[in-house]
Structure formats: structure tokens, C-alpha cells
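Surface and backbone points follow.

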Amino acid sequence: MTLSLNLGSNSYDIILEHGALCKAGEYLNLNRKILIVTDDGVPAVYADTVAKQCKAPVKITVAQGENSKSFATLELLCKTMLENGFTRTDAVVAVGGGVVGDLSGFAAATFMRGIDFYNIPTTLLSEVDSSIGGKTAVNLGGVKNIVGAFHQPKRVLIDPDVLKTLPKRQIANGLAEAIKMAATFDEELFQLIEKEDIDSNLDYIIERSLMIKKAVVECDEKEAGLRRVLNFGHTIGHGIESYEDLHGLYHGECVALGMIPMCNGKVRERVISVLKKAGLPTSFSFDPERVYEAVTHDKKADGDQIRFIFLPEIGSFEMKKTSLSDFYQIIKEAFPQ
């Protein structure tokens with residue numbers, strides 16, 4: 001199926017199709033110089049499959065993990081394009097998860113002030129969320145995504161077949177983002193995840209998640225209002241993720257933990273139950289002071305106040321703002337030592 005994300009001159013299609021990877025040359029304009037970016041955690045055959053369909057491929061494999069979202073790796077990508085004579089008519093293709101997509105997209109956004117970018121996500125998290133919407137970034141000083149740009153892809157190619165090589169923990173990691181969207185926008189999808197078999201409904205979960213994010217991005221491309229709701233769970237989640245002693249937690253696992261304090265009491269029980277069903281953590285012991293320090297550096301902080309998304313009922317949300325001191329108490333109460 002094809003979903004069209006309508007953003008005027010920045011509009012693009014999202015192709016959701018089993019076997020789409022082998023048809024990349026049909027769906028994407030690869031008849032030019034293409035920088036293919038992947039990481040060493042992604043089966044090499046995926047990037048190689050794309051490379052075989054390119055007129056002039058240049059492949060870079062970066063190290064798996066958040067450490068690759070750095071200025072050093074960004075420089076490597078841009079320098080490689082420079083050395084290989086890339087021009088404004090050439091393109092970057094990401095073949096990987098959220099880290100590869102964010103990094104590659106930012107390289108495309110900045111090289112020669114912006115060249116074409118295609119995203120081929122290979123994790124559930126990137127398929128349901130990060131591959132669309134145009135957010136690109138690198139990390140700096142231990143703060144996630146603090147330097148970046150909005151740079152919409154020209155097309156996104158989603159092939160659910162690539163998920164077959166993912167371990168269960170990575171599937172759970174991606175489900176956190178689907179649960180986030182269902183909890184805030186789609187009670188019916190939340191109930192499906194809550195009551196039905198997840199594995200047999202994975203294609204439908206991907207489709208519905210994409211439709212939610214597509215609708216939100218179309219209303220608010222650059223996160224001036226409604227798109228902030230997609231940060232549900234991320235305010236505390238990013239703080240946990242930046243906490244160096246917890247670097248073994250995946251992004252979705254941190255978001256799962258970050259959702260729990262942001263729920264109404266009775267709703268919290270349902271959210272925790274669904275997170276457990278999906279194989280996600282619902283408790284963790286850490287120093288709330290250090291998480292708080294990371295949160296205050298996040299983009300959602302505004303002077304001595306911080307914005308966050310609260311869940312009063314499944315399928316609804318409230319945008320709230322509170323003092324940093326009150327937010328610290330929320331963290332302390334949610335995750336006592």
C-alpha cells in the first residue's frame with residue numbers, strides 16, 4: 001500500500017509492502033550517485049541489495065548505537081560525499097534504524113545546503129515512527145538530538161520482511177512507539193495491542209501507527225503544537241536515555257519507562273499491563289537527580305518550566321507545563337531509589 005504524506009512542496013509517499021527492498025530501484029530514483037548509510041548491526045545484505053540497484057553506489061557502514069549520532073560521523077559522511085564528487089542532484093539513502101535515519105537525514109540536510117534523502121527503515125521502531133516526519137539530528141554533549149534540522153525524505157520504503165531478522169527485544173523496542181501513538185490518539189489500536197496477539201497483527205499495527213503519525217505531521221510539520229504529543233514518554237525517557245549508566249537500555253525501553261509517570265492513576269495500570277505484554281520494562285532503579293539533570297537539558301525545557309504530555313484517558317492527551325522543581329518530584333515519586 002502507499003500512504004501519501006501531504007506537506008505541499010515537501011510531500012512524499014510512504015511505500016508499505018512486503019518485498020519492497022528488492023524493488024528499491026523501481027520506487028526510488030537511484031540512477032545517480034547514492035550514498036548508502038547503514039550500521040554494523042543491520043544485516044549487510046539489506047544495504048547490498050539496495051547498492052545493486054544503484055547506478056553509482058557508495059556505501060558506508062557506521063558502528064551500531066547512539067554514539068554514531070555524532071559530529072565525527074556526520075563529518076565522515078559529508079567528507080565521503082565530497083571526495084566522491086557528489087552534487088546537489090545526488091542523494092543519500094538510509095538503510096537501518098532510527099540512528100542511521102537521523103544521522104543520514106542530517107547529512108543530506110546539510111551537504112550542499114540539502115540534497116535528496118530516502119529512508120529505508122529496518123527496525124520496527126523506525127518503521128512505525130522515526131522514518132517519517134523529517135526530523136534529523138545528531139547528539140552533542142550527552143544530549144540527544146540537540147543539533148538537527150527538519151529535512152523531509154523524498155520517499156520512505158517500508159518492507160516488513162526485514163523485521164524477521166530482529167530479536168524479540170528489538171520488536172518490543174519498536175512497539176513502545178506504537179503504544180505511545182495508540183495511547184494518545186487511537187483507543188481502538190490500543191485495545192488491539194492490549195487484547196489481541198501482537199505478532200499476528202504486526203502489519204496492521206505498523207499501518208495504523210504510520211497513519212497516526214502522518215496525520216499529526218500533516219497538521220504540524222515542525223512541532224509548533226500538535227506534533228509535541230508524539231513526545232509522550234520522551235521527556236523523562238530522553239533523560240533516562242542520556243543517563244550514562246543506563247546506556248544498555250534501548251530508546252523504546254526508555255520511552256516506555258517515561259510514559260508511566262505521565263498517566264492518570266487508573267490509566268497507568270492499563271499502560272503498564274500493555275508494556276509488560278509487549279516485553280518492555282516498567283520499573284528500573286536509578287538516581288532521579290541524574291535523570292533530572294539530563295531532562296533539564298532537553299529541548300522541551302523552557303526557562304524554569306518544562307512541557308510534557310499527560311494521559312488522562314486512553315486515546316486522549318493533555319499538554320501541560322510545570323515548574324522544573326515540581327517535575328523533579330514527579331520523577332522521584334515515579335522511580336524511587
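**Helices against the sheet**

Helix 3 (residues 71–83) lies across strand 3 (33–39), strand 4 and strand 5 (91–96), and runs at about 165° to strand 4. The model is a predicted one.

- Helix 2 covers residues 44–51, and its buried residues are Tyr 46, Ala 47, Thr 49, Val 50 and Ala 51.
- These buried residues of helix 2 pack against strand 3, strand 4, strand 5 and strand 6.
- Strand 3, strand 4 and strand 5 are therefore contacted by the buried residues of helix 2, with contact meaning heavy atoms within 4.5 Å.

- An open sheet is formed by seven strands, in the order 1-2-9-6-5-3-4, with mixed pairing.
- At its edges are strand 1 (2–5) and strand 4 (56–62), each of which pairs on one side only.
- On average, neighbouring strands of this sheet are turned by 15° against each other, direction ignored.
- Strand 6 pairs with strand 9 (residues 155–158) in the parallel sense, over two bridges.
- Opposite Arg 155 in strand 9 stands Tyr 118.

**Backbone: positive phi at two residues**

- Arg 113 is not a glycine, yet its phi is positive, about 65°.
- Arg 113 belongs to the loop between helix 4 (98–110) and strand 6 (116–121).
- With a relative accessible area of 78%, Arg 113 is exposed, because the cut-off for exposed is over 50%.
- Asn 145 also is not a glycine and has a positive phi, of about 55°.
- Asn 145 is placed in strand 8, which spans residues 143–150.
- The relative accessibility of Asn 145 is 18%, so this residue counts as buried, the cut-off being under 20%.
- Of these two residues, Arg 113 is in a loop and exposed, whereas Asn 145 is in a strand and buried.

**Surface: a nonpolar patch**

- Phe 71, Leu 140 and Ile 146 make a nonpolar surface patch of about 250 Å².
- Leu 140, one of the patch residues, is found in strand 7 (residues 135–140).
- Leu 140 counts as partly exposed because its relative accessibility is 45%, a value between the cut-offs of 20% for buried and 50% for exposed.

Key:
Residues are numbered from 1 along each chain as its sequence is written. This is a predicted model: local features need pLDDT of at least 70, side-chain atom pairs count only at pLDDT 80 or more; totals for chains, interfaces and linings use all residues. Side-chain values use heavy atoms; hydrogens and water are left out. Helices (H or I, at least four residues) and strands (E, at least two) are DSSP runs, numbered from the N terminus. Buried means under 20% relative accessible area, exposed over 50%, partly exposed in between (1.4 Å probe, protein chains only). Patches are made of residues with over 30% relative accessible area and no salt bridge: like charges are joined within 9 Å, nonpolar side chains (Val, Leu, Ile, Met, Phe, Trp, Tyr) within 5 Å. Accessible areas come from the Shrake-Rupley method with a 1.4 Å probe; for residues, only the protein chains shown count as cover. A salt bridge is a side-chain nitrogen of Lys or Arg within 4 Å of a carboxyl oxygen of Asp or Glu. Two strands pair if DSSP finds at least two bridges between them. Axes are lines fitted to C-alpha atoms, for helices over the stretch in contact, and angles run from 0 to 180 degrees between N-to-C directions.
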